[in-house]
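Keep the sequence and the model side by side.

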Amino acid sequence: MILDLTALADEHLAAARTAPHGRSAHLVVHDGVLRQTVIALTAGTSLDEHNAPPAASLQVLRGRVDLTAADRAEELRAGTLRMIPKERHGLTALEDAVVLLTAVND
């Protein structure tokens, strides 16, 4: 399977801009324990704090987001890739943003 991440980012950012909660997500890869999800968030939209999977990374495709964990926030910009902390964490869009979440669940 070959995916056009640019087209998926465009599609889901457009959907997020018209969605009541300002977000759109789509599971693009599901292979056993591996999952990859495109998530689009409009500026100011958050994903509330949640538990971390056993292993995960976040790649910012568009915009800027704050990855929050405990009492800290880390700004991530388009083009960056970061491992997800092993603790509870959340995500807030500082501007319209699209991320690719890669997670391994057992």
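Arg64 stands opposite Arg77 in E6. The model is predicted, so local features need pLDDT of at least 70 and side-chain atom pairs count only at pLDDT 80 or more, while totals for chains, interfaces and linings use all residues. Residues are numbered from 1 along each chain as its sequence is written, and side-chain values use heavy atoms, with hydrogens and water left out.

Arg64 and Arg77 belong to a pair of strands. Strand E5 (residues 64-69) and E6 run antiparallel and share six bridges. Strands here are DSSP runs of E with at least two residues, numbered from the N terminus. Two strands pair if DSSP finds at least two bridges between them. Two residues lie between E5 and E6 in their hairpin, where Ala70 takes a positive phi near 55°.

Now step back to the sheet. It is open, has four strands in the order E3-E8-E5-E6, and pairs in the antiparallel sense. Strand E3 (46-50) and strand E6 (72-77) are the edge strands, each pairing on one side only. On average, neighbouring strands are turned by 20° against each other, direction ignored. Axes for this angle are lines fitted to C-alpha atoms; angles run from 0 to 180 degrees between N-to-C directions. E3 is joined to strand E8 (residues 89-93) by three bridges. Leu47 has Leu91 in E8 as its bridge partner.

E3, E8 and strand E9 (97-104) each give two or more residues to the lining.

Leu47 is also touched by Arg23, a residue of strand E1 (residues 23-31). Contact means heavy atoms within 4.5 Å. Other contacts of Arg23 include Ala40, Leu41 and Ser46. Is Arg23 buried or partly exposed? Arg23 counts as partly exposed because its relative accessibility is 39%, and that class lies between buried (under 20%) and exposed (over 50%), with a 1.4 Å probe and protein chains only.

Thr37 sits in strand E2 (residues 34-41). Thr37 is buried because its relative accessible area is 16%. Its contacts include Ala25, Val28, Val99 and Leu101.

Note on methods: Lists of a residue's contacts leave out its neighbours within four places in sequence.
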